[in-house]
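The following note comments on a sheet with its packed helices and on one helix pair. Please read the points alongside the sequence and the coordinates.

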Amino acid sequence: MKVTAFIRKTAAKNNITDQARVYFRVRDIGGVDIKAASELSINPNHWSPERQGYKPRVALVSEEKKMNFDKDVQQITHLITKEYHRGVDGSWLKGLIEEYHHPGINARGGNKADEYLLSYQIRKYVEETPLADESRKHHLDNLNKVLRYERFRHEVLHQRGFHLCIDTVTADDIRDFKLWMQEEHRYVDIYPVFYRNEVRRNVGQKRSENSMSGSLYRIRTVIKWCVKRRLTRNNPFDQYQIARPMYGDPFYLTLEERDKVYYADLSGMGATYPVYRDIFMFQCLIGCRVSDLNRLTKANIVDGFVEYIPQKTKMEHANTVRVPLNQKALDILERYKDLENALLPRFSHFGYNKKIKEILKYVGIDRTVIVLDPKTRVDVAKPLYEVASTHTARKTFIGNLYRQVKDPNLIASMSGHSEGSRAFARYRKIDDEMKRELVNLLD
């Protein structure tokens, strides 16, 4: 009995994009000659019939990809040789190869279909896993990226039928997906027909390293979920290290700067600006995330405290955050007491960010701060108003509290940070004023 791997397709000499499916053939005495396709594919110009794998010294293909491909061919050949017995037919061979690619397929009813697509499993993960609204939104955005990437490979690179599958996705595939995310903002102009139905703001901006790492972390979460459910044994992240997100030191408004904004006369800016200033100041005074701020109602005020369950961490621990309202916060709420249910006027996230920058610039909050450019990861100096956002309010609350009270547990109980949060740990950087106070103790 002899097992042979082969392909049925050729390609022009300089063609490096076409892919050919790898077939396996079993021949034995008595006229046995059966064939079945695998899920392995290779560019025809890279295939060596003698080696039954990659030709030596193939350029533009990583050593890891070549090694994994050749290993798969060898393992399928060995599996067929081991399991072969007289009387088998093409259906047996097809089933055996499918079992190699999708362990346990027969135990799952043999229903292959879309079950092995990464996109399908991302949908299932979102449907079956309790997620906070923001996390759900990020996973669905990731799903759109994966589907668009597959369509890009299919339509633009002419790799017909390309999909990311949980059983076959490799570290090289993850690297290529990240490169595509990195370059997609350029592709929008290079391939306008492909992107004609896409919202430009979703695809036309250069992504930061932190953003791409977040996307890969979410894919890794889904892959691990599939492994845990025994849908696959394949985890490409065993051979791929996701770049750790990098953040600059938190910057925030000092109490003096905050009060300068609180008491500023904004009548010259227009009717909506004092309202946005009140929203921003109230957030500075209670420290919640913007997603929680926009949900607060009068029912969240209990005995002089604002009470809420942070949406971001409610699936990890549904702890109620209680923050006492000082006089400034109470005065702001008094101005909106006639609202039927909402605590403050409702707002759009994008509009709120824009108004914060304009208000701080108008008031003169232009102190230079050092921030990490999310795209270049280089420290740059900018005026505070230019980089301020809704999160500046949260950082203002936490940063100023931390300067007064060095008890992280007490502060975290009012900020809603989860235990061991790396985001919260960044506030523990001791500033220069605190250093001077400590050194003066030695006098």
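1. Two strands are taken to pair if DSSP finds at least two bridges between them. Strands (E, at least two residues) and helices (H or I, at least four) are DSSP runs, numbered from the N terminus. The model is a predicted one, in which local features need pLDDT of at least 70, side-chain atom pairs count only at pLDDT 80 or more, and totals for chains, interfaces and linings use all residues. Residues are numbered from 1 along each chain as its sequence is written, and side-chain values use heavy atoms, with hydrogens and water left out.

2. Three strands form an open sheet in the order β1-β2-β3, with antiparallel pairing. Its edge strands, β1 (2–7) and β3 (32–42), each pair on one side only.

3. Eight antiparallel bridges join strand β2 (residues 20–28) to β3. Val26 stands opposite Ile34 in β3.

4. Helix α1 (residues 63–83) packs on the sheet and touches β1, β2 and β3 (contact: heavy atoms within 4.5 Å); the direction of α1 makes about 155° with that of β3. Helix α2 (residues 90–101) also packs on the sheet, touching β2 and β3, and its direction makes about 25° with that of β3.

5. Helices α9 (residues 272–286) and α11 (residues 327–335) pack at about 145°, their axes 9 Å apart. Asp278, Met281, Phe282 and Leu285 of α9 meet Lys328, Ala329, Ile332, Leu333 and Arg335 of α11.

Definitions and conventions:
Axes fitted to C-alpha atoms, helices over the stretch in contact; angles between N-to-C directions.
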